[in-house]
Amino acid sequence: MLLFWPLLSPAQQPAPRLQAAVNDENGRPVEGALIYANEGVDVVKSGKAGEFSFSASVIGNLLIEAPGYEPAVFEAGEYGVGQTLILKKASFLSGEKDKVRVAFGTTKKAGLVNAVSVLNPSQLRRYDNTQTLASALTGMLPGMLGSSNIRGIGNALFIVDGLPRDISTLNLAEVEQISVLKDINSAILYGNDAVNGVVLVTTKRGEAYKRQINAQAFYGISRPTELPEYLSSADYMQLYNEARLNDGLGVQYSSELIQKYRNGNPYRYPSIDYYSSEYLRSQKPFSRATVDFSGGNSVATYYSNIGWSQTGSLYNFGEGKGAKSNVFNIRGNVDLKVNSWIKSALDAVVVLNNSNGPRGDYWAAADSLRPNLFSPLLPISLMDRENPVLMQRKNDINGMYLLGGTTSYQTNPIANAWSGGTNERVQRTFSFNNRIDFDLGRSVQGLAFHTNFSFDYFTLYDQYISNQYSVYEPTWDETQDRIVSLKQFGEDVRSGTQNVGNASYRRRIGFYGLLDYNRTFNEVHTVSGSLLGFMAHDKAQESLQGNKNANLGLRLTYGYQNKYLVDFSGAYVNSVKLPPGNRTAFSPSLGVAWVVSAEDFMASATAVDFLKLRLSAGEMNSDAGISGFYYYDDRYGTSGSYSWYEGTRSRSGTLPANSGNPRLSFEKRREVNFGIESVWFDRQLFIDANVFASTYSDLITRPQTIFPSYFTNYIPFQNFGKNAYKGAELGLSYQRNIGAFHVAVGANALYATSKVKKRDEIYADGYRYRTGRPVDARYGLIADGFFSSQADIASHAVQAFGTVKPGDIRYVDQNNDGIIDANDEKYIGRWQSPFSYGLNLKVSYKNLTLFARGNGRSGADGMLEGDYYWVDADDKYSSFVLNRWTEATKATATYPRLSSIANTNNYRSSTFWLYSGNYFKVDRVQLTYDIPMTSNKLTMKQLSVFADASNLMTISKNRRIMERNIGIEPQYRSFSIGLNAWF
């Protein structure tokens, strides 16, 4: 028998050990029981199934948990030598797995009436070192499209510990459970802002008699997935000459000059690649260390998480070389039992984030500055030492270089990093929660009252030292690579003064009061009810009013023998954005469920462990889609000015912005959801499926088409538009032991589509109407190759987008009017994937576990746009233009002709720039090894080491396009190694 002994001083003697057994209700030993004692950790299951031993010095209560059984606490005196402790079989899953956090409460998973998906990060993170909620939500739960969109309808409301909160600073290690409330019935109690569903996040709390400490540390590197590729100076100059010839202009660069830029002195004939190893490293480091600990007794429990993370940068020069970001976070959640009928909870969170680096926006400049403009560094070795400008300099780079520039480019990202000073971005997040629970069961059995108050404050500002610096434009010797003179722009000034700027803040306040009743009569009838008052106010610095959400809520539920379940939930919502008299509305919903597996006729279906059918419907009133205030009022603006008093005085003119509408009311969402939930083959296979249909109606707009054209400034806002959404989702998980292997597979899929049912529009041609098309539709021209010749242009319809030449994109004349313009735009694709899915796999062999997960999408169309793809005028040339149209390549070209002037014909929304957005991405792969514990000197329960990879692979025809960022920091592929220790 394996015994777990605590550290003992030489004077101590081991206490005598006691033995007990854990059985089920039928007297069979319980496999895999975990035992926790409130006075120590020297309790451990033995090698025999169901038996454990513990020191006689353990005083008080034992908490026992086992897969498939309800957790049980055995009080002092209930156990002793030879004692058998009985665990009750769980009705659905077991322990914490069976508890689901829903709106303002907790229920058993088997008792859910509505469409709710659940993720327990504590289980996930043992084999997946995921750090963020966004990563954990992507591809892991049915119904989620990405990390914040539920069923493709729109961004969800995030609730943390009962009230609205931002999740960007929340680490997954702090989270106990994530519940996604997808249908109206599950989300309605949160009022206006819950119209698109709710992601409910519950942080960890301590448990009585269960002391735990977990420490984790890891280190890794991140490598860019894809970097932009720009042409060298010589190639750019050559193609720019071609562009000018295409426009009927002369060449700008001689062939001799181009050759010098190709082979000549790189300082005299620069070809600057801002993405080269001269300026960027191939990778950046990151690390994180966290420790959380929890425990308590029957009076007080606690949970705390402390973490520190650091991320380096890709910069390889100047102030950027030492750039890094440091984040320190600390959370404390404390629960107190004030007396037999009052409990309280206090939560506090502090997140300190400091990021330092050079001033300026390196990535934006790197994607706009052409390679031949100037040399950012000028070698002093190529200058005359007696040059007076050189002798009077106040700044240089390591005594070797001066900063280069021109009269048009007196600042640049290279000079900024060397001499522009530093910037430190400071972010501070403070969060506070206070909950008080009153058990009123002494007055009315099953009655309770709960309150929750939250206050969050986020502030951000920049601390920077702004240096002025000189740049120099060189004059080169005509016959040799020597700088004969320098022209100075600017001056070198280092004040040493630290400035503060770009300050902003955000404040959230939330509160609810909940009167709750829950009672079961004769173990047959379960009745519960909740009466709620809820409010939340989110205000940012630039917002005068902020976002207010206040409502009353009512929930009534009934269950008969835990077999027939009913949930009526409603919210009486309020909005300050609507006119007096229309500021309140009642939103009702109803959900019913039937646990089919509890029926007698299912007794012979031994393969079915659990089967439940669900149906819910409701209507939700919301002002979340109303972007401003006073839309219901007559509003006025200014226009021009007029003079008076002999021209010595003037005043702005006044014009109406819109007429008022005292009947303006809430936008509405109506929905029906049908679901099936089942468990098969002795809890090996889990299935959760839903079909749904939603309608968003009374969408607020200013309908132009129902008023005369001269009425433009008087058109009021009205409830007018209507969109419909429908789809289906499926979640599967399967686990099985195969010899020494344990295999667990998970999959989920979502098909969600939409249709515009009503929109303010009048078109002469039917193909232009948005009504009947997807809400996420793309519109543009239909491309029909390139014009091959002037004769081809002459025989084609006139394209009204400027002068058209051979090599320009040819479009289809949809209405056959001989002119191609905006009237020929039609539906060409959609930007949101109707089909998305996620896969995850866990394979364990003895102490080794491999975990992998990924997600994919299908059916969306991306649009190439921006200066990297739409290259004209003086834009920087990317490698994307290489296969451009010329007379020699007209048969094989994949890019239109180049132009040195703005080309409005080619660079507009059309099928030419569409690409397939289908992909499958391997998000995470991790290999974990649990080290066998042969010594107890550190009282360590478990130690594991791991190696992982994030954003490992994207499988797509257009992978490089998807993985390439333009004008911002790159996407990354990350690798790390680390360890976890449990005490």
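1. Tyr632 counts as buried, because its relative accessibility is 13%. Buried means under 20% relative accessible area, exposed means over 50%, and partly exposed lies in between (1.4 Å probe, protein chains only). Tyr632 sits in the loop between β33 (608-622) and β34 (635-644). Helices (H or I, at least four residues) and strands (E, at least two) are DSSP runs, numbered from the N terminus.

2. A note on the source: this is a predicted model, where local features need pLDDT of at least 70, side-chain atom pairs count only at pLDDT 80 or more, and totals for chains, interfaces and linings use all residues. Residues are numbered from 1 along each chain as its sequence is written, and side-chain values use heavy atoms, leaving out hydrogens and water.

3. What surrounds Tyr632? Setting aside neighbours within four places in sequence, Tyr632 is in contact (heavy atoms within 4.5 Å) with Lys577, Leu578, Pro579, Pro580, Arg583, Gly660, Asn661, Pro662 and Leu664. Pro716 is 84 residues from Tyr632 along the chain, yet their C-alpha atoms are separated by 7.6 Å.

4. Is Thr225 buried or exposed? Thr225 counts as buried, because its relative accessibility is 8%. Its place is the loop between β17 (212-224) and α4 (233-246). A polar atom of the Thr225 side chain lies 3.0 Å from the backbone oxygen of Glu963. Not counting residues up to four places away in sequence, Thr225 touches Asn951, Arg959, Glu963, Gln971, Tyr972 and Arg973.

5. Now a sheet. Five strands form an open sheet in the order β10-β15-β16-β13-β14, with mixed pairing. Its edge strands, β10 (116-119) and β14 (163-164), each pair on one side only. Two strands pair if DSSP finds at least two bridges between them. Strand β13 (residues 157-160) and β14 run antiparallel, joined by two bridges. In one of these strands, β14, Leu163 is the bridge partner of Val160. Strands of a sheet pair through backbone hydrogen bonds, either parallel or antiparallel.

6. Last, Phe453. This residue is in strand β25. Phe453 counts as partly exposed, because its relative accessibility is 35%.

Notes. Polar contact = N/O pair within 3.5 Å; in protein donor to acceptor, adjacent residues only side chain to side chain.
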